[in-house]
Amino acid sequence: MRLSQYPIANLKEVPAEAEVISHQLMLRAGLIRRLSAGQYTWLPMGLRVLRKVETIVREEMDRAGALEILMPTTQPAELWMESGRWGQFGPELLRFKDRHQREYVYGPTHEEVVTDLARRELHSYRQLPVNFYQIQLKFRDEVRPRFGVMRAREFLMKDAYSFHLDEACLQRGYAAMYRAYTAIFTRMGLTFRAVQADTGSIGGTGSQEFHVLADSGEDAIAFSDGDDYAANVEKAEAMAPATPRGPATRPVTDIDTPRTKTIETLTALLACTAATVLKTLVVDGEDGQLVALCLRGDHELNAIKAQKLPGVANPLHLAAPERILEVIGCEPGFIGPVGLAARGVKVFADHSAAALADFVCGANRKDVHLSGVNWGRDLPEPIITDLRNVVDGDPSPTGTGQLRLVRGIEVGHIFQLGQKYSATMKATVLDDQGKDAVPFMGCYGIGVTRVVAAAIEQNHDERGIVWPEPIAPYQVVVVPLNAARSPRVSEVAEKLYAQLQAAGVEVLIDDRDARPGVKFADAELWGIPHRVVVAERGLEAGTLEYRHRRASDNEAMPLEGALAFLQERIGR
């Protein structure tokens, strides 16, 4: 491509709307432009990267034996009603009616549609296993789309769905997709990690997420420093303390704590640590009752774990202050577990909270806390469970090593769905005995647009994007300097450009009438891996100037043999 024929300019200033570096750089480098909240037009430079990601995904899915199909983006509502997700998926599901007042959804995912396809087309066990996939736009009505294409409303996704006669076959298909995903992200040149994860609204019996590791990642990942255990913090198990609870040594004492509704203000007032304080969160129960969740003051509630507890409303909701006042007789900020059982409030405590002795907690009276409180003596023993997010240094659930936390960006997710959709939607095949069998399903997603942003979050510097070579928009940029005043510079640059094109190298030539500094800055912003500068001074010495995007210094390359030099560097 010739930059003189490219009408889209880079942005000099960071757009105010861009919060994360990938969003900033994608806008500045002219990869995307915003249409509306969470919707973006992909411009030629960005689309080249997107298509490269798409190609790698397609090649590895094909290699794994998956069959590509293309399903409609809009889906009849009755399929979602049949699966039970019409009322479960929530406001992210975009619902609309056609001119005949028939209800539809714009597909955020395609489990229902592919299951409907399967029950129409698959009739015998001889047709299984099979894996169908597509690469298609999806829409999820995010309440607050942000971070550019990282959390957009409309996005390109690869979604695959497999059907198996039994669970053992599903496990084999799931393992094949794990290997395919590992190959995909390895080929893209990304540093990533697969972790155990919650199944969320998709459902099923188990899942793993693939995360591109980046300091700016939205998700926290816990991994063991002693073995290969890794899990999203939502899923990582927080183990019970190794040492048993100590004995009660102090009497219960009232403490005046005016205007101390937070752990920070309470610990400052009492000159104690958050680890000796018990905090109590009151949430809605399934039956209209209240449920108390108790944690140590220095720990955070894990909402995914909490909403799976028996009797807790799903999704998790903090109880309204008026309801807390009605049942407990106190406003939030001074709530504690003492006396809650007598008021009909079920009390759960995290393992670490249940191990506390002589702890501080709310007194269920405004501006008052209690100290010296002990389970079993001053209140009934709670229901002990895992309620919290793990923290750095926690013991690994495997018993080997400690947990360490890193940040990651989820780019892929694979699920073992079991018979969740096939049974609900009555998809059956005849087994080898001629009897109806309900297939086991798996589903496997990759956020293709999100991969582009994640790659930038992991690979950038103060000058711009530093693309992994397999997904860079171009492999080489040729930069002639002052070509308008030097026929020789123009001739050499054009010849090299033609040679590279003929050799199948993806090459960009910056033939604009622009200052050298502008050309260099743009090449670095775009992140083109290999840069060749053609200048009069170098030609006099029989050399060109070469620099890899990740290098800090220029390198002289011979004019004669320039093509072979570049092909060797590209092939490394």
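1. Start with how H2 and H5 cross: in this predicted model, the crossing is right-handed. The two helices, H2 at residues 44–63 and H5 at residues 167–187, have axes that come within 9 Å and cross at roughly 150°. Angles over 145 degrees count as roughly antiparallel, so H2 gets that label relative to H5.

2. Who touches whom here? On the H2 side you'll find Ile-56, Val-57, Glu-59, Glu-60, Met-61 and Arg-63, and they meet Met-177, Ala-180, Tyr-181, Ala-183, Ile-184 and Arg-187 of H5. Sorted by class, the H2–H5 contact has eight nonpolar residues, four charged ones and no polar ones.

3. H2 also packs on H11 (residues 448–458), at an angle of about 115° and with the axes 9 Å apart. That makes this pair roughly perpendicular. The crossing of H2 with H11 is right-handed.

4. For the H2–H11 contact, look at Val-49, Leu-50, Val-53 and Glu-54 in H2, which meet Val-448, Thr-449, Val-451 and Val-452 in H11. The class count for this contact is six nonpolar, one polar and one charged.

5. Is Ser-207 buried or exposed? Its relative accessibility is 8%, so Ser-207 counts as buried; the cut-off for that is under 20%.

6. What does the side chain of Ser-207 have for polar partners? One is the side chain of His-413, joined to that of Ser-207 by a polar contact of 2.9 Å. Another is the backbone oxygen of Ala-197, 3.0 Å from a polar atom of the Ser-207 side chain.

Terms used:
Residues are numbered from 1 along each chain as its sequence is written. This is a predicted model: local features need pLDDT of at least 70, side-chain atom pairs count only at pLDDT 80 or more; totals for chains, interfaces and linings use all residues. Side-chain values use heavy atoms; hydrogens and water are left out. Axes are lines fitted to C-alpha atoms, for helices over the stretch in contact, and angles run from 0 to 180 degrees between N-to-C directions. Helices (H or I, at least four residues) and strands (E, at least two) are DSSP runs, numbered from the N terminus. Angles under 35 degrees count as roughly parallel, over 145 as roughly antiparallel, 65 to 115 as roughly perpendicular and the rest as oblique. A crossing is left-handed if the near helix is turned anticlockwise from the far one by less than a right angle, and right-handed if clockwise. Contact means heavy atoms within 4.5 Å. Ala, Val, Leu, Ile, Met, Phe, Trp, Tyr, Cys and Pro count as nonpolar, Asp, Glu, Lys and Arg as charged, and the others, Gly among them, as polar. Buried means under 20% relative accessible area, exposed over 50%, partly exposed in between (1.4 Å probe, protein chains only). A polar contact is a pair of N or O atoms within 3.5 Å; within protein, one must be able to donate a hydrogen and the other to accept it, and residues adjacent in sequence count only if both atoms are side-chain atoms.
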